[in-house]
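Please find below a colleague's note on the model shown here.

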Amino acid sequence: MKLNQDTIRKMAKDQERLDGRDLKEFREIEVETDYIHETAEGSAKVSIGKTQVVVGIKIGVESPYSDRPDEGTIVTNAELAPMAAREYESGPPQEEGVELARVVDRGIRESEAVDLEELCIEPGEKVMTVFIDVHVLNDDGNLIDASSLGAMAALKTGYIPVYDEEEDTLVRGEKDRDIPIDTEPVTVTGHKIGEEIFWDVTGEEEDARDARLTVSINEKGNVVAMQKGETEPFSQDEINQIIEEAESQTQDLREILDNAAEE
């Protein structure tokens, strides 16, 4: 075990952190929308402390799934390049990237945030696909919350381009309408280190954690998705504690999201 991991676990017993924050306290959060205004149909850059991610939205035209002929689709990808952290490698998607994309996607998909029927062009023939691409610029922990916040900021401020029926193509740069958003989930993650629950962990704290539980909550306060990670279990009391605190944490992040979308 690395020196700091041992220290983090010892300090957790006294509910203390290396950087002096309260266990529930987030680092400074900044959200900048329309970050890639030339080529994306929606985008946002999110910083939580030293962690930085950029999320871009692209709209494509594809054939629908046979069991959902009148619904568009969502595809979420996450890119963890070596520039973001020393342990990342170039090449095919790594396990961490696949997991990050899965959790971000789940919060959006399970909440039915996007009205997929509004993305249908011709039932059974053509629908629009919303591609959500997460690019990690720097990983100092809590990528899930940063990426999920970026995805919702990009969707909320993104747009559907004009579809040219004669040319059967999207006219890039020409807005037809907003992306049809039905609900706005906000995602936060509680991290178990020893017997304590931490929020907004740094990279060093992630290395010392035993388990994590990600919770997505909509604007009505309903839990719309959950995802557990790591090998150690949570007790029922710990899960209840995380869900209760997640409601408060998501209210703070929702205010940041709303303010960023209005700028």
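Predicted model: local features only at pLDDT ≥ 70, side-chain atom pairs only at ≥ 80, totals over all residues.

1. Residues are numbered from 1 along each chain as its sequence is written, and side-chain values use heavy atoms, with hydrogens and water left out.

2. Eight of the eight residues of E9 are buried (under 20% relative accessible area, 1.4 Å probe, protein chains only). Val186, Val188, Gly190 and Lys192 point one way from E9, and Thr187, Thr189, His191 and Ile193 the other way. Strands (E, at least two residues) and helices (H or I, at least four) are DSSP runs, numbered from the N terminus.

3. E9 pairs in the antiparallel sense with E11 (residues 211–217) over seven bridges; strands pair if DSSP finds at least two bridges between them. Val188 has Val215 of E11 as its bridge partner. E9 also pairs with E10 (residues 196–199), again antiparallel, over four bridges. Two residues separate E9 from E10 in a hairpin, where Gly194 in the turn has a positive phi of about 65°.

4. A hairpin is also formed by E7 and E8, with four residues between them and a positive phi of about 55° at Asp168 in the turn. Tyr159 stands opposite Asp178 in E8.

5. The lining of the largest pocket comprises 30 residues, with Tyr88, Glu96, Asp139, Glu206 and Arg209 nearest its centre. A pocket is an open set of points on a 1 Å grid over the protein atoms alone where a 1.4 Å probe fits, with protein on both sides within 12 Å along at least five of seven lines; lining residues have an atom within 4 Å of a point. H2 supplies the largest share of this lining, six residues.

How values were computed: Buried < 20%, exposed > 50% of the residue type's maximum accessible area, 1.4 Å probe, protein only.
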